[in-house]
Amino acid sequence: MTLALVYRLNGLLGLLWAASMWFGTDMMAATYGWEVTAPMITMSQFLGMSFLFTAVIFLMLPNWTSLKQLKKATITLIILQILAIALQVFHLSTGAIPAGGMQYFGIGLSSLFVILFYWKSRA
């Protein structure tokens, strides 16, 4: 497994998140016990676009940069990923989102990517 592959896998995961934000708002809301509203659907679509932008960057960055530049960019992306994990843990610990298997799976998957990014950027 290479650093470029880790970037692309993370990008594919982002595409799945984008699709779930666009087409799975009802399912996502049901998971959290939230009522679906028109503003929520609008925000979900907006967040889906943000995921799409981020996913495309992760997918394409290995093509746009050298390995040396990719390794240099990785530490910043690791820090951002850790902040995202910390926010999700905060939301779980304050009860803003309910604890459950999907949330813990997401934290575990994000943590795995942090480890892979770090490991492969040091090789």
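Of the 123 residues of the protein, 31% count as buried. The model is a predicted one. Its secondary structure comprises five helices and zero strands, and from the N terminus on the elements run α-α-α-α-α. Along the principal axes, the C-alpha atoms fill a box of roughly 45 × 25 × 20 Å. Among contacts with a separation of 6 or more, 72% are between residues 24 or more positions apart.

**Helix 5**

Helix 5 covers residues 101-122, and its 22 residues should span 32 Å at 1.5 Å a residue. The end C-alpha atoms are 32 Å apart, which agrees with that expectation. The buried residues of this helix are Q103, G106, I107, S110, F113, V114, L116, F117, K120 and S121. An α-helix has 3.6 residues a turn, so residues three or four places apart point the same way.

| Partner of the buried residues of helix 5 | Residues |
|---|---|
| Helix 1 | 3-23 |
| Helix 2 | 25-32 |
| Helix 3 | 38-64 |
| Helix 4 | 67-94 |

Q81 is found in helix 4. Is this residue, Q81, buried or exposed? Q81 has a relative accessible area of 16%, and because the cut-off for burial is under 20%, Q81 counts as buried. Leaving aside residues up to four places away in sequence, Q81 touches S110 and V114. Both S110 and V114 are among the buried residues of helix 5. With S110 the contact is also polar: the side chains of Q81 and S110 make a polar contact at 3.2 Å.

**The largest pocket**

Rolling a probe the size of a water molecule over the atoms shows where empty space is left. The largest pocket has a volume of about 1500 Å³. Its lining consists of 39 residues, of which W17, M21, F51, Q88 and S110 lie nearest the centre.

By class, the lining has 24 nonpolar, 15 polar and no charged residues.

Notes:
Residues numbered from 1 in each chain as written. Predicted model: local features only at pLDDT ≥ 70, side-chain atom pairs only at ≥ 80, totals over all residues. Heavy atoms only, no water. Helix = DSSP H or I, 4+ residues; strand = E, 2+ residues; numbered from the N terminus. Expected span 1.5 Å × (residues − 1). Buried < 20%, exposed > 50% of the residue type's maximum accessible area, 1.4 Å probe, protein only. Contact = heavy atoms within 4.5 Å. Polar contact = N/O pair within 3.5 Å; in protein donor to acceptor, adjacent residues only side chain to side chain. 1 Å grid on protein atoms, 1.4 Å probe; cavity = no way out; pocket = protein on both sides within 12 Å on 5 of 7 lines; lining within 4 Å. Points joined across faces, edges and corners; volume = space filled by probe spheres on them. Nonpolar A, V, L, I, M, F, W, Y, C, P; charged D, E, K, R; others polar.
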